[in-house]
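Subject: Handing over the structure

Hello,

I am passing this structure on to you, and I hope you enjoy looking through it. Please have the sequence and the model open while you read.

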Amino acid sequence: MIQIKRRAELEVMAEAARVNREAMDAVAAAVGVGVTTRELNAIAEDAIVSRGGRPAFKGYGGGHGTPPYPGTLCTSVNEVVVHGIPDDRRLADGDIVSVDIGTFYRGFAADLARTFPIGEVPEEARRLIATTEASLVAGIEAAQVGHRLGDVSAAIQAVVEAEGFWVVREFVGHGIGRAFHEDPEVPNYGRAGTGPVLRPGLVLAIEPMVSTRSTRVVVGDDGWAASTADGSLAAHVEHTVAVTEDGPWVLTARTDRATAVAAAPRR
Ligand code: CO
């Protein structure tokens, strides 16, 4: 069932999103050549906990022989698409790392991901990151009252495929609120004009995952890290976005409400 949030609930979600975004800012300030993903995990956890939040991923899921997720962050390097577990690997010049952070704060969740280039990265990696970011922007711009969910999906897919890249199909975005994963699922591919109509108060975690080539995804021995089967590079970016009468409100972006509304496209 799709949950619609009242205005006051959106305001609290914006607070949760701010805590989550500040944790990402701390990671962004630290990320670079020679840093381990475990160090980034500790930085994010500190940022969340010191602000009164709770890491949303830690202890998530598990079962059927898979342990619950152990990290505050997902750190997915190069061919890892999502759910890379932080460890003692040092980030190296030329790597790309997708960092995904989730926070619970005052009863609500927020979800945010960015992909960082480490040092000097190949041109294709830069183009992959830029395209994945552009696809997220297109998806957000399509998240307007009265549009359909398929409009968001199709907008993302169009940007990715115009660059000759590939939408990863195995994972999708999601509704988000009091639960980390709510209805509806938000695929990064699909047909415009299909799916549920977007209403004010719907909050979506929109999260394109993109690889340089057409490939399947395989899950590693740790039960979590999901990598491209053929080793192609992958990027992942994400925002938590509220559908409002004033346009999409990107809760996890570094803007106040007024700026967010002013920047939102009108129809
Ligand atoms: Co998500």
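A few words on the basis first. This is a predicted model, in which local features need pLDDT of at least 70 and side-chain atom pairs count only at pLDDT 80 or more, while totals for chains, interfaces and linings use all residues. Residues are numbered from 1 along each chain as its sequence is written, and side-chain values use heavy atoms, with hydrogens and water left out.

The metal site

The cobalt ion has Asp111 (OD), His174 (NE2), Glu207 (OE) and Glu238 (OE) as its protein donors, at 1.9 to 2.3 Å. Donors here are N, O and S atoms within 2.8 Å of the metal (3.2 Å for Na, K and Ca); water is not among the atoms, so sites may look incomplete. Along the sequence, the donor residues follow the spacing D-x62-H-x32-E-x30-E. His174 belongs to strand β7 (residues 173-175) and Glu207 to the loop between β9 (203-206) and β10 (209-211), so this pair ties together parts that are 33 residues apart in sequence. Strands are DSSP runs of E with at least two residues, numbered from the N terminus.

The angles between the four donor atoms run from 74 to 159°, which makes the arrangement around the cobalt ion irregular. For reference, four donors count as tetrahedral if all angles lie between 85 and 135 degrees; four count as square planar and six as octahedral if opposite donors are over 155 degrees apart and all others between 65 and 115; anything else is irregular.

Are His174 and Glu207 buried or exposed? His174 counts as buried at 4% relative accessibility, and Glu207 counts as buried at 6%. The term buried means under 20% relative accessible area, exposed means over 50%, and partly exposed is in between (1.4 Å probe, protein chains only).

A sheet of three strands

Another place to look is an open sheet with the strand order β3-β12-β11 and antiparallel pairing. Its edges are β3 (80-82) and β11 (217-219), each with a single partner strand, so one side of each is left without a neighbour in the sheet. On average, neighbouring strands of this sheet are turned by 40° against each other, direction ignored; the axes are lines fitted to C-alpha atoms, for helices over the stretch in contact, and angles run from 0 to 180 degrees between N-to-C directions. Strand β11 is joined to β12 (residues 226-228) by three bridges, and Val217 has Thr228 as its bridge partner in β12.

Ser76 sits in strand β2 (residues 73-77) and counts as buried at 2% relative accessibility. Its side chain reaches the backbone nitrogen of Gly84 at 3.1 Å. Leaving aside residues up to four places away in sequence, Ser76 touches several residues, among them Gly84, His83 and Val97; contact means heavy atoms within 4.5 Å.

Val97 is part of strand β4 and counts as buried at 0% relative accessibility. Its C-alpha atom is 5.4 Å from that of Thr115, 18 residues apart along the chain.

Loops worth a look

Which residues other than glycine have a positive phi? One is Asn78, with phi near 55°, in the loop between β2 and β3. Asn78 is buried, with a relative accessible area of 13%. Another is His83, with a phi of about 65°, placed in the loop between β3 and β4 (96-105). His83 counts as partly exposed at 23% relative accessibility.

Finally, Gly71 lies in the loop between β1 (54-55) and β2 and counts as buried at 4% relative accessibility. Gly71 touches Asn41, Phe57 and Lys58, not counting residues up to four places away in sequence.

Best wishes

Terms used
Helices (H or I, at least four residues) and strands (E, at least two) are DSSP runs, numbered from the N terminus. A polar contact is a pair of N or O atoms within 3.5 Å; within protein, one must be able to donate a hydrogen and the other to accept it, and residues adjacent in sequence count only if both atoms are side-chain atoms. Two strands pair if DSSP finds at least two bridges between them.
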